[in-house]
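Work through the following exercises with the sequence and the coordinates at hand. Each task is followed by a solution in steps.

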Amino acid sequence: MLKDSKAFSGFSTNDLEKTKEFYGHTLGLQVSEEPAAGAVMLHLGSGAVVFVYPKGEQHVPATFTVLNFPVEDIDRAVESLAQRGVTFEHYTEEKDGFATDEKGISRQPGMAIAWFKDPAGNICSVLQS
């Protein structure tokens with residue numbers, strides 16, 4: 001029934017202006033406003049869109065990764081994003097079950113991934129496989 005639907009995902013934010021700035025300027029995505037919904041759409045390179053809606057004080061950051069950005073060179077992507085002010089998460093084997101290096105990259109056989117949070121605390125990643 002829904003196989004031909006143009007489905008899209010979404011998540012909330014506590015500050016729509018900071019969200020637009022972060023995804024539009026810091027990450028360089030195309031962001032469009034949805035005035036009727038009081039929200040924004042993130043336009044991804046795959047052609048997909050993500051609906052980001054304000055939830056104000058009721059917003060609770062996602063505890064899982066809401067957006068994954070595949071990249072060809074994770075070291076270059078992490079360095080470039082860090083220069084733009086993105087702070088990468090650091091995890092330890094003892095506490096989190098896996099470890100990240102000094103750049104915040106977890107290097108596993110066949111994959112490397114680095115997580116960062118948007119201004120609302122939602123988790124995103126860059127990954128190379």
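**Exercise 1.** Determine which element holds Lys20, and decide whether Lys20 counts as buried or exposed.

*Solution.* Lys20 lies in helix α1, helices being DSSP runs of H or I with at least four residues and strands runs of E with at least two, numbered from the N terminus. This is a predicted model, in which local features need pLDDT of at least 70, side-chain atom pairs count only at pLDDT 80 or more, and totals for chains, interfaces and linings use all residues. Residues are numbered from 1 along each chain as its sequence is written, and side-chain values use heavy atoms, with hydrogens and water left out. Lys20 counts as buried because its relative accessibility is 18%; buried means under 20% relative accessible area, exposed over 50%, and partly exposed in between (1.4 Å probe, protein chains only). Leaving aside residues up to four places away in sequence, Lys20 touches His25, Val31, Glu33 and Val40, where contact means heavy atoms within 4.5 Å.

**Exercise 2.** Describe the ends of α1 (residues 16-26) and list its buried residues.

*Solution.* Within the helix, Leu16, Thr19, Lys20, Phe22, Tyr23, Gly24 and Thr26 are buried. Just after α1, Gly28 adopts a positive phi of about 80 degrees.
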